[in-house]
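Please look over the model below before reading on.

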Amino acid sequence: MNIFCKNILDFLRIDFLLTFKNSLLLGIAYLFIIPIIRGISNLDNIQSAEVLGQSLALVGAIILIPVTKRELETGIKEIIYTKSWSYMKSVSIRLICSILLTAVMILVFAFVMKTYHCVFPFWKYISVTVLYAIFMGLLGLVFSQAGNSDVIGYLSVLGYWTFCQLEIISESSVLYIFPIIDGTLGIPKLITLFSITISLLVLFVFQIKCLGNRV
């Protein structure tokens with residue numbers, strides 16, 4: 001176990017900044033922009049849910065999509081797959097780190113909202129927002145792998161987000177899966193969100209395994 005943990009720490013020491021440096025900087029910059037665009041002072045539970053679901057959840061795409069960005073070029077893949085350290089292990093560690101980073105960023109932002117006198121059920125909203133952010137990130141990852149480009153991943157998330165903002169996908173639609181509507185947590189939508197997120201995770205793992213088998 002000690003050797004296993006040491007190997008992970010050695011991997012992270014080399015890989016973490018290479019993978020997450022740019023996305024972290026972009027994510028932090030985005031967090032500073034949200035209050036300028038929307039305002040986060042003295043919001044009620046409905047307004048707080050809108051900020052969390054419509055703006056803050058995009059952090060998931062910013063942090064998760066770069067998880068496989070460096071390996072989307074064939075030359076890099078061929079080098080990586082010759083190593084004894086499997087690509088699946090690398091992606092798994094990065095994915096866990098990206099989810100933790102996303103959760104921490106959302107948590108910190110929510111605490112800031114609280115200091116600005118926003119009123120909302122803290123842990124309930126945060127848990128749902130983290131899950132929705134992971135959904136956004138995994139959606140982008142799946143499309144990135146399918147199209148062999150991280151740009152396609154970003155565009156897929158941006159497209160879904162835009163459809164929701166323009167109400168092309170309305171709150172009553174089955175495709176609208178952020179489960180807090182008018183300040184109320186909808187259990188059926190929460191179950192749908194959880195199910196789709198797990199399905200995207202399984203599909204992403206399948207894509208990575210198939211990719212490894214072809215090289």
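The points below are grouped by topic.

This is a predicted model, in which local features need pLDDT of at least 70, side-chain atom pairs count only at pLDDT 80 or more, and totals for chains, interfaces and linings use all residues. Residues are numbered from 1 along each chain as its sequence is written, and side-chain values use heavy atoms, with hydrogens and water left out.

**Nonpolar core**
- The largest nonpolar core has 63 residues, of which Met113, Tyr132, Phe135 and Tyr160 touch the most other members.
- A nonpolar core is a set of buried Ala, Val, Leu, Ile, Met, Phe, Trp, Tyr and Cys residues joined through side-chain atoms within 4.5 Å.
- Two or more residues of this core come from each of α1, α2 (45–54), α3, α5 (87–115), α6, α7, β1 (180–181) and α8 (187–214); helices (H or I, at least four residues) and strands (E, at least two) are DSSP runs, numbered from the N terminus.
- The element that gives the most to this core is α6, with 15 residues.

**Largest pocket**
- The largest pocket holds about 280 Å³ of space, a volume being the space filled by probe spheres set on grid points that are joined across faces, edges and corners.
- On a 1 Å grid over the protein atoms alone, a pocket is an open set of points where a 1.4 Å probe fits, with protein on both sides within 12 Å along at least five of seven lines; lining residues have an atom within 4 Å of a point.
- Its lining has 14 residues, with Tyr30, Leu58, Ile62, Leu158 and Trp161 nearest the centre.
- Elements giving two or more lining residues are α1 (2–37), α3 (59–64) and α7 (150–165), and the largest share, 5 residues, comes from α7.
- By type, the lining divides into 10 nonpolar, 3 polar and 1 charged; Ala, Val, Leu, Ile, Met, Phe, Trp, Tyr, Cys and Pro count as nonpolar, Asp, Glu, Lys and Arg as charged, and the others, Gly among them, as polar.

- Aspartate 44 caps the N-terminal end of α2, with a side-chain oxygen 3.1 Å from the backbone nitrogen of isoleucine 46.
- Buried residues in α2 are Ser48, Ala49, Val51, Leu52, Gly53 and Gln54; buried means under 20% relative accessible area, exposed over 50%, and partly exposed in between (1.4 Å probe, protein chains only).
- Serine 144 lies in α6 (residues 122–147) and counts as buried because its relative accessibility is 0%.
- A polar atom of the serine 144 side chain lies 2.8 Å from the backbone oxygen of glycine 140.

**Cysteines**
- The structure holds 0 disulfides, a disulfide being a pair of cysteine sulfur atoms within 2.5 Å.
- Cysteine 164 is buried at a relative accessible area of 9%, whereas cysteine 210 is partly exposed at 24%.

Note on methods. A polar contact is a pair of N or O atoms within 3.5 Å; within protein, one must be able to donate a hydrogen and the other to accept it, and residues adjacent in sequence count only if both atoms are side-chain atoms.
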